[in-house]
Amino acid sequence: MQRAIGMLAMALLSLTMTPRAKADVLCDFQGNLVKNCSFEEGFTNWYGTTTTDNHNGIDGFGPAYGNGGEVYLGSYGIDTLSQMLDTVPGQEYMIAFTLLNYTDSPPVFYPNSFTVTFGGDTVFTYPAGRTGLTWYGASAIASGPHTELSFNSRNAGGYFFLDSVSVRPTPEP
């Protein structure tokens with residue numbers, strides 16, 4: 001009987017430890033306030049001009065991590081991709097994401113730009129130049145119970161690839 005209970009416990013434990021089929025190990029964790037952090041469900045839970053501009057979309061062929069997708073951002077105008085997060089006023093949060101700038105030579109009249117805002121405050125500005133997939137992060141303090149996280153981009157000569165978005169309280173609870 002004890003052996004049967006032990007085997008049942010091991011089976012249940014292995015089920016809880018098995019990663020989900022579409023998991024991004026870098027953002028799909030308890031405590032991440034961002035829903036659909038790796039765009040595995042398309043633009044579900046996200047809003048903004050990026051979701052409707054035909055120069056942007058979800059790339060399911062070469063995700064940075066996980067099995068689903070990443071957002072590609074390329075437009076002559078400034079596009080936004082946002083999500084409203086439930087936050088605690090005065091709490092500090094760590095914002096992290098992966099970004100790749102795939103641009104050979106951006107047009108002079110439409111320089112590339114990529115910024116991140118948290119509650120309307122700019123917390124990250126992309127350094128110029130082409131880069132490989134890189135982790136970026138910033139910290140910010142929430143001013144209210146709901147805070148908008150926004151990615152604002154323009155990349156007329158190529159694309160930015162965004163993936164693995166996370167926002168978590170610091171220090172972690």
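**View 1. Residue N152 sits in strand β8.** Strands here are DSSP runs of E with at least two residues, numbered from the N terminus. The model is predicted, so local features need pLDDT of at least 70 and side-chain atom pairs count only at pLDDT 80 or more, while totals for chains, interfaces and linings use all residues. Residues are numbered from 1 along each chain as its sequence is written, and side-chain values use heavy atoms, with hydrogens and water left out. N152 has a relative accessibility of 14% and therefore counts as buried (under 20% relative accessible area, 1.4 Å probe, protein chains only). Leaving aside residues up to four places away in sequence, N152 is in contact with I78, D79, T80, S113, F114, T115 and T117 (heavy atoms within 4.5 Å).

**View 2. Strand β8 (residues 146–154) pairs with β3.** The two strands run antiparallel over 8 bridges; pairing requires at least two DSSP bridges between the strands. Opposite N152 of β8 stands T80, and opposite T147 of β8 stands L85.

**View 3. Strand β5 (residues 113–118) is joined to β8.** This antiparallel pair has 6 bridges. F114 has S153 in β8 as its bridge partner.

**View 4. An open sheet of 4 strands has the order β3-β8-β5-β6.** Its pairing is antiparallel. The edges are β3 (79–86) and β6 (121–125); each has a single partner strand, so one side of each lacks a neighbour in the sheet. From one strand to the next, the twist averages 20° (axes are lines fitted to C-alpha atoms, and angles run from 0 to 180 degrees between N-to-C directions).

Terms used:
Buried means under 20% relative accessible area, exposed over 50%, partly exposed in between (1.4 Å probe, protein chains only).
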